[in-house]
Amino acid sequence: MHQVIFYPVGNGDTSQIILENGKRILFDYRHKKKTEDGEGPEINLKDRLKDELKKAGKTSFDVVAFTHGDEDHIENGTEFFELRHADKYKGNGRIKIDTLWVPAAMILETASSDKQSSEFVIWRQEARFRLKEGKGIRVFSKPDMLKEWLKENGLTVESCKHLITDAGQVAPDFTLDKDGVEFFCHSPFIKHIDEHDEFRNEASLIFNIRFQSGNSEFDYLAVGDTKWSILEEIIKTSKEHKNEDRLAWDLYNIPHHCSYQALSDDKGECETVPTPLIEELLLMGKEGAYLVSSSNPILDTKEGRGQLLPPHIQAKKCYEQYLDKVDGAKALVTMEEPNATEPEPIIFKIESNGISLDKKVLS
């Protein structure tokens, strides 16, 4: 079987795909230092991942994918992973990354030091180093800005084309026949970078991840911190290119920690009403499908209804309504399972007879 695991890291993201053949793909990394002293309720992600790898007899991830460079997706990763571009980030039990997946924005983004975390800068250095070296990296999208950057660094699109995947393409690192999975890139689009001065969230990674188990296929829509307008572009483009099947989902990670802005510009007093195209996407959920919000607990209280930052209870109610309409299974919140005091990773098993929720801790 394959597994998809969502870790309780607060209002942030870390998830892992473990394939039947043993390969591991980690999406984002958000470790809170306080958990090393036993403080919670977030999980001690560093210890958890190291323990899982040790039990599997591995010292590296086959892929580490950063959907984008916000702190809640990269926090303390430069202390956990071994980086190739400088000796000070090597050894001492650091976990290796066989292949780093990043949106083009993580190569290109520049800003004044007060607007960028030092950790983001380190990851940008690592991504640039691997791209110049020509191995151990996959960059998603090739905007004109990337072409210019390559030229300035003595490279060409032609020399790096084996390291670049555009929206509408399947990443060549995995195949259904060999690995039982494929990653179809929905975003970023070239224009998400070339037409924006600030393009971090707009240019985050969004995938249709298709699993094969036996003769059955299952679809996981993996969405980063994005807004409804970007999702609408993906829907329109998928229709135009006859890729509507890549919008269907058995598993959907709710964008941006259950923010209403992934549904509409209007949060609503009691429940967010999605735009017509977003409604179409929600209705593409399959029977028995699951929703996951990687977020803090979502409270249906006066304070919860009024808070500005996600998660938003109005958005959760919207998602739950549409999950009912497609006869879905359940909507889950990472920081609520099995309870908000001691949350544990949410583990899905993908087998030929379907996707099921496994509440057991990985052995």
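A residue counts as buried when its relative accessible area is under 20%, and as exposed when that area is over 50%. This cut-off is applied below to a predicted model.

**Overall form**

The protein chain contains 13 helices and 15 strands. Its C-alpha trace spans about 55 × 50 × 45 Å along the principal axes. For 363 residues, a compact globule would have a radius of gyration near 21 Å, and the value of 19 Å for the protein chain agrees with this. Buried residues account for 56% of the 363 residues.

In soluble globular proteins, nonpolar side chains tend to be buried together. The largest nonpolar core of this model has 42 residues, and Phe81, Ile107 and Leu131 touch the most other members. Several elements give two or more residues to this core, among them helix H1 (45-56), strand S4 (60-65), strand S5 (96-103) and helix H5 (118-133). The largest share, 5 residues, comes from H5. A second, separate core holds 32 residues, including Leu221, Ile254, Cys258 and Leu281.

Which residues does phenylalanine 81 contact, apart from its neighbours within four places in sequence? Its partners include Leu26, Tyr29, Phe61, Val64, Arg94 and Trp123.

**The sheet**

Strands of a sheet pair through backbone hydrogen bonds, in either a parallel or an antiparallel manner. Here, 9 strands form an open sheet with mixed pairing, in the order S7-S6-S5-S4-S3-S2-S1-S14-S15. Strand S7 (164-165) and strand S15 (354-358) are the edge strands, each pairing on one side only. Strand S1 (residues 2-6) and strand S2 (residues 15-18) run antiparallel and are joined by 4 bridges. Within this pair, glutamine 3 has isoleucine 18 of S2 as its bridge partner. Helix H1 packs on the sheet, where it touches S2, strand S3 (24-27) and S4; the direction of H1 makes about 175° with that of S3.

**Backbone exceptions**

Most residues other than glycine have a negative phi, and most peptide bonds are trans.

| Site | Feature | Angle |
|---|---|---|
| Proline 310 to proline 311 | cis peptide bond | omega near 10° |
| Glutamate 337 to proline 338 | cis peptide bond | omega about -5° |
| Asparagine 76 | positive phi | phi near 65° |
| Lysine 242 | positive phi | phi near 60° |

Proline 311 lies in the loop between helix H12 (302-306) and helix H13 (313-325), and proline 338 in the loop between strand S13 (330-333) and strand S14 (346-351). Asparagine 76 is located in the loop between helix H2 (71-74) and helix H3 (77-80), whereas lysine 242 belongs to the loop between helix H10 (228-240) and strand S11 (249-253).

Is asparagine 76 buried or exposed? Its relative accessibility is 13%, and therefore asparagine 76 counts as buried. Lysine 242, by contrast, has a relative accessible area of 66%, so lysine 242 is exposed.

Technical notes
Residues numbered from 1 in each chain as written. Predicted model: local features only at pLDDT ≥ 70, side-chain atom pairs only at ≥ 80, totals over all residues. Heavy atoms only, no water. Core = buried A, V, L, I, M, F, W, Y, C linked by side-chain atoms within 4.5 Å. Buried < 20%, exposed > 50% of the residue type's maximum accessible area, 1.4 Å probe, protein only. Contact = heavy atoms within 4.5 Å. Pairing = 2+ DSSP bridges. Axes fitted to C-alpha atoms, helices over the stretch in contact; angles between N-to-C directions. Rg over C-alpha atoms; globule rule 2.2 N^0.38 Å.
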